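Hi everyone, thanks for coming.

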Amino acid sequence: MDTYDLITRNAAEVVTDEEVRELAADPAGKRAYVGYEPSGVLHLGHLLTANKLIDLQEAGMEIVVLLADVHAYLNGKGTFEEIRDTAEQMQAQFVAYGLEADQTEFVYGSAFQLEDDYTLDLHELELSTTMNRAQRAMAEIAGDETAKVSHLVYPLMQSLDIEYLDLDLAVGGLDQRKVHMLHREELPDLGYEARPCLHTPIVADLTSGEGKMSSSEGVTISMEDSTEQLEEKVNSAFCPPTREPEGDLENPVLELFEYHVFPRFDEVVVERPEKYGGDLSYESYETLAADLESGELHPADAKGTLATYLDELIAPGRKKLREIRG
């Protein structure tokens with residue numbers, strides 16, 4: 001796989017392709033980041049973007065992980081002390097999951113977001129950004145919570161973070177697209193260069209195939225789950241024998257194979273008794289998905305295999321959590 005294909009593997013969107021191709025031509029020393037609000041135990045949403053960071057490290061890029069403590073504070077996630085404790089745990093989990101510690105820079109937002117220059121630039125953005133534009137970029141407010149001024153400032157800070165962390169590439173889930181577009185539209189007016197962005201897909205809800213998998217709604221898989229809990233969740237997942245269910249539904253089992261398993265394993269083996277055809281071996285997502293659709297691979301076998309490989313991925317992080325908690 002060439003460098004460009006590795007950098008863009010499983011990306012839902014690249015902004016812009018020309019800029020990312022330029023990065024791929026000379027990736028050594030280039031800096032890419034994802035920002036995470038310290039909010040608890042890592043789950044598959046965090047790990048999907050972490051998989052992309054691992055790809056970028058393999059391509060030769062330096063990785064910056066923003067542990068966004070100020071953002072979390074603005075979003076009402078606790079005191080700074082509580083948020084910092086959570087951030088330290090998250091850092092340990094990311095390293096356990098597979099990010100190379102010596103190639104990853106973990107940065108707390110409070111290390112630079114409270115400085116004078118940053119604050120003045122933030123006020124400049126506040127002056128030039130309309131309420132409607134900030135609201136469009138604002139992350140979804142959970143439940144019926146009323147939006148506060150802090151929620152409007154949040155995306156403006158995310159836009160500035162990309163400049164102040166001296167980045168060459170911003171990475172995030174597709175739900176971060178509006179923030180990244182705000183960065184590209186507004187930062188040049190402050191005299192800063194807009195950076196390219198890479199967006200990872202959103203995995204569908206595990207039990208229904210609708211919407212997105214979320215730790216606040218429905219079922220997700222986290223590093224806190226035991227092997228038994230993980231197996232129970234995957235075995236109850238929505239998995240019709242097709243890649244594309246009817247309407248707006250997705251097949252979350254296939255999505256997890258595509259975005260989580262195959263990027264991390266060279267081969268996936270489905271273990272079956274000889275009376276059911278014996279083991280199946282796959283070196284690519286496409287062949288596994290085709291076998292599911294043709295009927296060669298039964299959904300129950302697909303789910304059992306998915307649980308095995310996901311468990312192997314999160315086991316080091318699960319162990320690290322237990323060590324931290326004593």
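Let's start with one side chain, Arg 318. Leaving out residues up to four places away in sequence, Arg 318 touches Met 223, Asp 225, Ser 226, Thr 227 and Asp 311. Keep in mind that this is a predicted model.

So where does Arg 318 sit? It's in helix H13, which covers residues 299–325. And is Arg 318 buried or exposed? Its relative accessible area is 8%, and because the cut-off for buried is under 20%, Arg 318 counts as buried. Its side chain also reaches the backbone oxygen of Asp 225, at 2.7 Å.

Okay, zooming out. The protein splits into domain 1, residues 3–200, and domain 2, residues 227–325. Their centres, taken over C-alpha atoms, are 29 Å apart.

How much area is buried between domain 1 and domain 2? About 1,400 Å², with carbon and sulfur atoms giving 64% of that. On the domain 1 side, Asn 10, Leu 44 and Tyr 97 supply 35% of the area buried against domain 2, more than any other three residues.

Last stop, helix H9, residues 177–186: its buried residues include Val 179, Met 181 and Leu 182. The buried residues of H9 pack against several elements, among them helix H6 and strand S5. That's me done, thanks!

Conventions:
Residues numbered from 1 in each chain as written. Predicted model: local features only at pLDDT ≥ 70, side-chain atom pairs only at ≥ 80, totals over all residues. Heavy atoms only, no water. Buried < 20%, exposed > 50% of the residue type's maximum accessible area, 1.4 Å probe, protein only. Helix = DSSP H or I, 4+ residues; strand = E, 2+ residues; numbered from the N terminus. Contact = heavy atoms within 4.5 Å. Polar contact = N/O pair within 3.5 Å; in protein donor to acceptor, adjacent residues only side chain to side chain. Domains from an automatic or database assignment. Buried area = accessible area lost by both parts, 1.4 Å probe.
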